[in-house]
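I opened my notebook on this one to look up its charged pairs and then its sheet. Here are my entries, in the order I made them.

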Amino acid sequence: TVILEASDLTKSYGDTHALAGVSLQVQAGEALAIMGASGSGKSTLLHVLAGILTPDSGRVELHRSAASGGDEPAVSIGELNDAERSKLRRETFGFVFQQGLLVPELTAVENAALPLMLSGVPRAEAEQRAAGWLAALGLSGLEQRRIGQLSGGQAQRVAVARAQVISPLVVFADEPTGALDSATSADVMDALIGSTTGRGRTLVVVTHDEGVAARCTRTVRVRDGRVVETRSKVAGMDYI
Ligand code: ADP
Ligand code: ADP
(Lines give C-alpha, C1' and ligand atoms only; values in the text may rest on other atoms or scores of the structure.)
(Ligands and ions follow the chains in the order given, each with its own letter.)
Protein backbone atom coordinates (compact mmCIF):
# COMPACT_ATOMS: atom_id res chain seq x y z
CA THR A 1 0.00 0.00 0.00
CA VAL A 2 1.14 3.50 -0.84
CA ILE A 3 2.39 5.63 2.06
CA LEU A 4 3.73 8.63 0.11
CA GLU A 5 2.33 9.72 -3.21
CA ALA A 6 3.92 12.49 -5.26
CA SER A 7 2.10 13.83 -8.33
CA ASP A 8 3.45 16.06 -11.11
CA LEU A 9 6.06 17.79 -8.98
CA THR A 10 7.91 20.73 -10.48
CA LYS A 11 10.53 22.92 -8.86
CA SER A 12 12.76 25.46 -10.60
CA TYR A 13 15.64 27.63 -9.48
CA GLY A 14 15.67 30.41 -12.05
CA ASP A 15 16.24 28.60 -15.36
CA THR A 16 17.16 25.32 -13.68
CA HIS A 17 14.29 22.84 -13.68
CA ALA A 18 15.38 20.77 -10.70
CA LEU A 19 12.09 18.83 -10.87
CA ALA A 20 10.37 18.79 -14.25
CA GLY A 21 7.24 16.76 -13.51
CA VAL A 22 7.88 13.89 -11.12
CA SER A 23 5.24 11.42 -10.02
CA LEU A 24 6.27 8.71 -7.61
CA GLN A 25 4.63 6.32 -5.19
CA VAL A 26 6.47 5.05 -2.13
CA GLN A 27 5.10 1.80 -0.71
CA ALA A 28 4.89 1.24 3.03
CA GLY A 29 7.75 -0.97 4.16
CA GLU A 30 9.95 -0.62 1.12
CA ALA A 31 13.52 0.67 0.94
CA LEU A 32 13.53 2.96 -2.08
CA ALA A 33 16.81 4.18 -3.55
CA ILE A 34 16.77 7.38 -5.60
CA MET A 35 19.81 7.41 -7.90
CA GLY A 36 21.09 9.77 -10.57
CA ALA A 37 24.01 11.99 -11.52
CA SER A 38 25.02 14.99 -9.46
CA GLY A 39 22.63 17.86 -10.18
CA SER A 40 19.86 15.60 -11.54
CA GLY A 41 17.38 16.65 -8.84
CA LYS A 42 17.64 13.85 -6.26
CA SER A 43 18.08 16.06 -3.21
CA THR A 44 15.35 18.40 -4.35
CA LEU A 45 12.99 15.43 -4.76
CA LEU A 46 13.86 14.10 -1.29
CA HIS A 47 13.37 17.51 0.30
CA VAL A 48 9.98 17.95 -1.41
CA LEU A 49 8.83 14.43 -0.44
CA ALA A 50 9.78 15.17 3.18
CA GLY A 51 8.00 18.53 3.27
CA ILE A 52 11.27 20.46 3.74
CA LEU A 53 10.93 22.21 0.40
CA THR A 54 7.71 23.41 -1.26
CA PRO A 55 7.29 22.48 -4.94
CA ASP A 56 6.23 25.07 -7.53
CA SER A 57 3.39 22.76 -8.53
CA GLY A 58 2.19 19.25 -7.85
CA ARG A 59 1.41 17.60 -4.54
CA VAL A 60 2.70 15.10 -2.00
CA GLU A 61 0.23 13.07 0.03
CA LEU A 62 1.03 11.11 3.17
CA HIS A 63 -1.18 8.09 3.82
CA ARG A 64 -0.66 7.28 7.49
CA SER A 65 -3.24 4.52 7.19
CA ALA A 66 -0.75 2.53 5.08
CA ALA A 67 1.41 2.16 8.19
CA SER A 68 -1.24 2.12 10.91
CA GLY A 69 -3.87 -0.03 9.23
CA GLY A 70 -6.35 2.59 10.47
CA ASP A 71 -8.53 4.88 8.41
CA GLU A 72 -6.87 8.28 8.85
CA PRO A 73 -7.47 10.49 5.82
CA ALA A 74 -4.52 11.29 3.54
CA VAL A 75 -2.64 14.48 4.39
CA SER A 76 -1.65 16.78 1.54
CA ILE A 77 1.66 18.10 2.80
CA GLY A 78 1.58 21.25 0.63
CA GLU A 79 -1.72 22.32 2.16
CA LEU A 80 -0.32 22.44 5.69
CA ASN A 81 0.95 25.71 7.10
CA ASP A 82 4.57 25.98 8.22
CA ALA A 83 3.85 25.08 11.84
CA GLU A 84 1.75 22.05 10.88
CA ARG A 85 4.38 20.93 8.40
CA SER A 86 7.22 21.09 10.92
CA LYS A 87 5.10 19.23 13.46
CA LEU A 88 4.41 16.53 10.86
CA ARG A 89 8.14 16.27 10.08
CA ARG A 90 9.11 16.14 13.75
CA GLU A 91 6.57 13.44 14.64
CA THR A 92 6.42 11.37 11.46
CA PHE A 93 9.74 11.50 9.63
CA GLY A 94 13.34 10.65 10.51
CA PHE A 95 16.32 12.16 8.69
CA VAL A 96 19.89 11.01 8.06
CA PHE A 97 22.24 13.26 6.08
CA GLN A 98 25.73 12.73 4.71
CA GLN A 99 27.46 14.53 7.54
CA GLY A 100 25.07 13.44 10.28
CA LEU A 101 24.57 17.03 11.45
CA LEU A 102 25.36 15.76 14.92
CA VAL A 103 26.15 18.27 17.66
CA PRO A 104 29.88 17.85 18.43
CA GLU A 105 29.62 19.24 21.97
CA LEU A 106 27.09 16.56 22.93
CA THR A 107 27.64 12.87 23.62
CA ALA A 108 26.33 10.06 21.42
CA VAL A 109 23.35 9.44 23.68
CA GLU A 110 22.54 13.16 23.99
CA ASN A 111 22.60 13.50 20.20
CA ALA A 112 20.37 10.48 19.71
CA ALA A 113 17.94 11.77 22.36
CA LEU A 114 17.55 15.24 20.80
CA PRO A 115 14.37 14.60 18.73
CA LEU A 116 12.63 13.21 21.83
CA MET A 117 13.72 16.18 23.94
CA LEU A 118 12.36 18.50 21.23
CA SER A 119 9.05 16.64 21.48
CA GLY A 120 8.91 17.28 25.21
CA VAL A 121 10.00 13.86 26.50
CA PRO A 122 11.80 14.27 29.86
CA ARG A 123 15.58 14.00 29.63
CA ALA A 124 16.02 10.76 31.61
CA GLU A 125 13.40 8.92 29.58
CA ALA A 126 14.67 10.38 26.30
CA GLU A 127 18.22 9.24 27.03
CA GLN A 128 17.07 5.81 28.13
CA ARG A 129 15.19 5.31 24.87
CA ALA A 130 18.10 6.72 22.87
CA ALA A 131 20.50 4.35 24.63
CA GLY A 132 18.26 1.47 23.59
CA TRP A 133 18.60 2.52 19.97
CA LEU A 134 22.36 2.94 20.27
CA ALA A 135 22.56 -0.60 21.63
CA ALA A 136 20.38 -1.91 18.81
CA LEU A 137 22.78 -0.28 16.36
CA GLY A 138 25.88 -1.87 17.90
CA LEU A 139 27.06 1.16 19.86
CA SER A 140 26.84 -0.18 23.43
CA GLY A 141 29.55 1.30 25.62
CA LEU A 142 29.95 4.38 23.42
CA GLU A 143 26.96 6.30 24.81
CA GLN A 144 29.05 8.88 26.66
CA ARG A 145 31.55 9.56 23.85
CA ARG A 146 31.47 12.90 22.13
CA ILE A 147 30.99 12.75 18.37
CA GLY A 148 34.64 13.61 17.69
CA GLN A 149 35.69 10.51 19.63
CA LEU A 150 33.77 8.21 17.28
CA SER A 151 34.76 6.80 13.89
CA GLY A 152 32.85 8.01 10.83
CA GLY A 153 30.79 4.83 10.72
CA GLN A 154 29.99 5.01 14.43
CA ALA A 155 28.94 8.64 14.09
CA GLN A 156 26.62 7.75 11.20
CA ARG A 157 25.05 5.01 13.31
CA VAL A 158 24.41 7.66 15.99
CA ALA A 159 22.68 9.66 13.23
CA VAL A 160 20.61 6.57 12.40
CA ALA A 161 19.67 6.18 16.08
CA ARG A 162 18.66 9.84 16.19
CA ALA A 163 16.44 9.32 13.13
CA GLN A 164 14.78 6.26 14.70
CA VAL A 165 14.10 7.42 18.28
CA ILE A 166 10.73 8.93 17.48
CA SER A 167 9.64 5.74 15.65
CA PRO A 168 9.06 7.61 12.37
CA LEU A 169 6.78 6.26 9.65
CA VAL A 170 9.31 7.18 6.98
CA VAL A 171 13.08 7.67 7.22
CA PHE A 172 14.67 9.96 4.60
CA ALA A 173 18.40 9.64 4.01
CA ASP A 174 20.46 11.87 1.70
CA GLU A 175 23.81 10.26 0.78
CA PRO A 176 24.00 8.71 4.27
CA THR A 177 27.22 6.88 3.41
CA GLY A 178 28.74 9.54 1.16
CA ALA A 179 31.64 10.24 3.52
CA LEU A 180 32.45 6.58 4.34
CA ASP A 181 34.65 3.89 2.78
CA SER A 182 32.79 1.03 1.14
CA ALA A 183 33.08 -1.54 3.97
CA THR A 184 31.88 0.99 6.56
CA SER A 185 29.22 2.16 4.14
CA ALA A 186 27.84 -1.38 3.89
CA ASP A 187 27.71 -1.67 7.71
CA VAL A 188 25.90 1.65 8.06
CA MET A 189 23.40 0.75 5.32
CA ASP A 190 22.70 -2.59 6.98
CA ALA A 191 22.08 -0.73 10.26
CA LEU A 192 19.88 1.82 8.51
CA ILE A 193 17.83 -0.75 6.59
CA GLY A 194 17.60 -3.17 9.52
CA SER A 195 16.32 -0.45 11.83
CA THR A 196 13.83 0.85 9.26
CA THR A 197 12.29 -1.75 6.94
CA GLY A 198 13.42 -4.47 9.38
CA ARG A 199 10.81 -2.96 11.70
CA GLY A 200 8.15 -2.49 9.06
CA ARG A 201 8.95 1.16 8.45
CA THR A 202 9.73 2.87 5.16
CA LEU A 203 13.07 4.15 3.87
CA VAL A 204 13.76 6.63 1.06
CA VAL A 205 17.47 7.03 0.36
CA VAL A 206 19.24 9.31 -2.12
CA THR A 207 22.54 7.82 -3.24
CA HIS A 208 24.92 7.55 -6.14
CA ASP A 209 26.43 4.40 -4.65
CA GLU A 210 25.33 1.20 -6.44
CA GLY A 211 26.27 -0.78 -3.33
CA VAL A 212 23.79 1.24 -1.29
CA ALA A 213 21.07 0.85 -3.92
CA ALA A 214 21.74 -2.90 -4.07
CA ARG A 215 20.68 -3.15 -0.43
CA CYS A 216 17.34 -1.45 -1.15
CA THR A 217 14.22 -3.17 -2.46
CA ARG A 218 13.69 -0.76 -5.35
CA THR A 219 15.59 1.88 -7.30
CA VAL A 220 14.32 4.86 -9.27
CA ARG A 221 16.63 6.92 -11.40
CA VAL A 222 16.38 10.68 -11.82
CA ARG A 223 17.73 12.51 -14.86
CA ASP A 224 17.25 16.22 -15.54
CA GLY A 225 14.45 16.45 -13.02
CA ARG A 226 12.52 13.44 -14.30
CA VAL A 227 12.20 9.85 -13.14
CA VAL A 228 13.49 7.88 -16.11
CA GLU A 229 13.68 4.30 -14.98
CA THR A 230 12.67 2.02 -12.16
CA ARG A 231 14.08 -1.30 -11.21
CA SER A 232 12.81 -3.64 -8.57
CA LYS A 233 14.15 -6.79 -7.03
CA VAL A 234 10.73 -7.78 -5.77
CA ALA A 235 8.22 -9.03 -8.33
CA GLY A 236 5.15 -6.85 -8.50
CA MET A 237 6.88 -3.91 -6.83
CA ASP A 238 7.66 -1.99 -10.03
CA TYR A 239 5.44 1.05 -10.12
CA ILE A 240 5.93 4.79 -10.39
P1 ADP B 1 21.26 16.24 -6.88
O2 ADP B 1 20.80 15.98 -5.48
O3 ADP B 1 20.83 15.17 -7.84
O4 ADP B 1 22.72 16.54 -6.97
P5 ADP B 1 19.84 18.74 -6.58
O6 ADP B 1 18.43 18.42 -6.33
O7 ADP B 1 20.71 19.13 -5.43
O8 ADP B 1 20.48 17.53 -7.39
O9 ADP B 1 19.92 19.92 -7.66
C10 ADP B 1 19.20 19.87 -8.89
C11 ADP B 1 19.54 21.12 -9.69
O12 ADP B 1 19.00 22.26 -9.02
C13 ADP B 1 21.02 21.37 -9.82
O14 ADP B 1 21.24 21.96 -11.10
C15 ADP B 1 21.33 22.34 -8.71
O16 ADP B 1 22.44 23.16 -9.03
C17 ADP B 1 20.05 23.16 -8.67
N18 ADP B 1 19.76 23.68 -7.32
C19 ADP B 1 19.50 22.93 -6.23
N20 ADP B 1 19.27 23.70 -5.16
C21 ADP B 1 19.39 24.99 -5.61
C22 ADP B 1 19.26 26.27 -4.98
N23 ADP B 1 18.95 26.39 -3.68
N24 ADP B 1 19.46 27.36 -5.75
C25 ADP B 1 19.76 27.25 -7.05
N26 ADP B 1 19.89 26.08 -7.71
C27 ADP B 1 19.71 24.95 -6.99
P1 ADP C 1 23.99 16.99 -2.90
O2 ADP C 1 23.73 16.67 -4.33
O3 ADP C 1 25.10 16.18 -2.31
O4 ADP C 1 22.76 17.04 -2.08
P5 ADP C 1 24.26 19.69 -3.72
O6 ADP C 1 25.53 20.45 -3.86
O7 ADP C 1 23.53 19.31 -4.96
O8 ADP C 1 24.59 18.45 -2.82
O9 ADP C 1 23.22 20.52 -2.87
C10 ADP C 1 23.36 20.76 -1.49
C11 ADP C 1 22.37 21.88 -1.16
O12 ADP C 1 22.92 23.10 -1.68
C13 ADP C 1 21.04 21.69 -1.88
O14 ADP C 1 20.09 21.05 -1.07
C15 ADP C 1 20.62 23.09 -2.24
O16 ADP C 1 19.79 23.65 -1.25
C17 ADP C 1 21.90 23.85 -2.31
N18 ADP C 1 22.32 24.06 -3.72
C19 ADP C 1 22.62 23.14 -4.64
N20 ADP C 1 22.93 23.69 -5.82
C21 ADP C 1 22.83 25.02 -5.63
C22 ADP C 1 23.04 26.14 -6.46
N23 ADP C 1 23.37 26.03 -7.75
N24 ADP C 1 22.84 27.37 -5.94
C25 ADP C 1 22.50 27.50 -4.65
N26 ADP C 1 22.28 26.49 -3.81
C27 ADP C 1 22.44 25.25 -4.29
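I began with Arg-218, which forms a salt bridge with Glu-30, the closest N and O atoms being 2.9 Å apart. For a salt bridge I asked for a side-chain nitrogen of Lys or Arg within 4 Å of a carboxyl oxygen of Asp or Glu. This pair links distant parts of the chain, 188 residues apart: Arg-218 sits in strand β9 (residues 218–223), and Glu-30 in the loop between β2 and β3 (31–35). I took helices (H or I, at least four residues) and strands (E, at least two) as DSSP runs, numbered from the N terminus.

A note on ground rules: this is a predicted model, where local features need pLDDT of at least 70 and side-chain atom pairs count only at pLDDT 80 or more, while totals for chains, interfaces and linings use all residues. Residues are numbered from 1 along each chain as its sequence is written, chains are lettered from A and ligands numbered from 1 in the order in which they are written, and side-chain values use heavy atoms, with hydrogens and water left out.

Next I checked burial (buried is under 20% relative accessible area, exposed over 50%, partly exposed in between, with a 1.4 Å probe and protein chains only). Both Arg-218 and Glu-30 came out buried.

I then searched the whole structure and found 10 salt bridges. One of them joins Lys-87 and Glu-91, at 2.9 Å from N to O. Both residues lie in helix α3 (residues 82–92), four residues apart, about one turn of the helix. Lys-87 counts as partly exposed at 42% relative accessibility, and Glu-91 counts as partly exposed at 43%.

I also looked up Arg-221, whose side chain meets that of Glu-210 in a salt bridge (3.7 Å, N to O). Here Arg-221 is in strand β9 and Glu-210 in helix α8 (residues 210–214), 11 residues apart. Arg-221 is buried, at 19% relative accessible area, whereas Glu-210 is partly exposed at 45%. Arg-59, Glu-61 and Glu-79 are joined into one network by salt bridges that share partners.

Last, the sheet. I found an open sheet of four strands in the order β2-β1-β4-β5, with antiparallel pairing; two strands pair if DSSP finds at least two bridges between them. Strands β2 (16–27) and β5 (75–76) stand at the edges with a single partner strand each, so one side of each has no neighbour in the sheet. Nine bridges join β1 (residues 2–13) to β2, and Leu-9 has Val-22 of β2 as its bridge partner.
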